[in-house]
Amino acid sequence: MRRFWLSCGFALSVLPALVASSLAGPAVASRYNEIKMSQEQCLKSAEEALRKTGLAAQDRTEQSRYGARGDYTGVVRCIASNGVVLFIGSGPSRQITDNLSGMLFKNFEGGLH
């Protein structure tokens with residue numbers, strides 16, 4: 001019986017750590033840049049940046065282009081009316097998502113670096 005309670009105690013002590021790590025969710029990193037181009041030009045540059053970064057096209061909206069590779073997703077969001085473009089990376093690793101948003105920023109043509 002003592003062994004049973006020791007096993008339960010160990011399981012209960014490990015459970016919060018497992019739950020916390022599973023609830024942490026993906027890492028997200030972002031950058032932005034100013035632009036002086038049309039929405040259409042921005043979206044074309046967004047698609048090219050995703051391609052150059054090695055992400056396969058996933059989805060398209062009026063303001064965003066999405067790409068993915070494995071567990072990682074990249075987004076380029078164009079808000080030309082406000083003169084801004086956003087670069088977002090998400091996935092399990094903080095370092096990789098930060099690099100991903102940086103590569104999207106670097107591969108985007110037409111921003112005011």
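How many disulfides does the count come to, if a disulfide is a pair of cysteine sulfur atoms within 2.5 Å? By this rule the count comes to one disulfide, and the points below place that pair in its surroundings.

1. Basis of the note. This is a predicted model, in which local features need pLDDT of at least 70 and side-chain atom pairs count only at pLDDT 80 or more, while totals for chains, interfaces and linings use all residues. Residues are numbered from 1 along each chain as its sequence is written, and side-chain values use heavy atoms, with hydrogens and water left out.

2. Overall layout. The chain holds three helices and five strands, where helices (H or I, at least four residues) and strands (E, at least two) are DSSP runs numbered from the N terminus. Read from the N terminus on, the order of these elements is α-β-α-β-β-β-β-α. Of the 113 residues in the chain, 34% are buried; buried means under 20% relative accessible area, exposed over 50%, and partly exposed in between, with a 1.4 Å probe and protein chains only.

3. The disulfide. The pair consists of Cys42 and Cys78, whose sulfur atoms are 2.1 Å apart.

4. Strand pairing. Two strands pair if DSSP finds at least two bridges between them. Strand β1 (residues 27–34) runs antiparallel to strand β5 (residues 84–91), and eight bridges join them; here Glu34 stands opposite Val84 in β5. Strand β4 (residues 72–79) also pairs with β5 in the antiparallel sense, over seven bridges, and Thr73 stands opposite Ser90 in β5. The hairpin of β4 and β5 has four residues between the strands, and in this hairpin Gly83 takes a positive phi near 70 degrees.

5. The nonpolar core. A nonpolar core is a set of buried Ala, Val, Leu, Ile, Met, Phe, Trp, Tyr and Cys residues joined through side-chain atoms within 4.5 Å. The largest one has 17 residues, of which Ile35, Cys42, Val76, Val85 and Phe108 touch the most other members. At least two residues of this core come from each of α2 (39–52), β4, β5 and α3 (94–107), and the largest share, five residues, comes from α2.

6. Helix α3. In α3, the residues Thr97, Leu100, Ser101, Gly102, Leu104 and Asn107 are buried, and the buried residues of α3 pack against β1, α2, β4 and β5.

7. One residue followed through. Ile88 lies in strand β5 and, at 27% relative accessibility, counts as partly exposed. Although Ile88 and Val76 are twelve residues apart in sequence, they are 6.4 Å apart in space, C-alpha to C-alpha. Leaving aside neighbours within four places in sequence, Ile88 is in contact (heavy atoms within 4.5 Å) with Val28, Ala29, Ser30, Thr73, Gly74, Val75, Ser101 and Leu104.

How values were computed: A disulfide is a pair of cysteine sulfur atoms within 2.5 Å.
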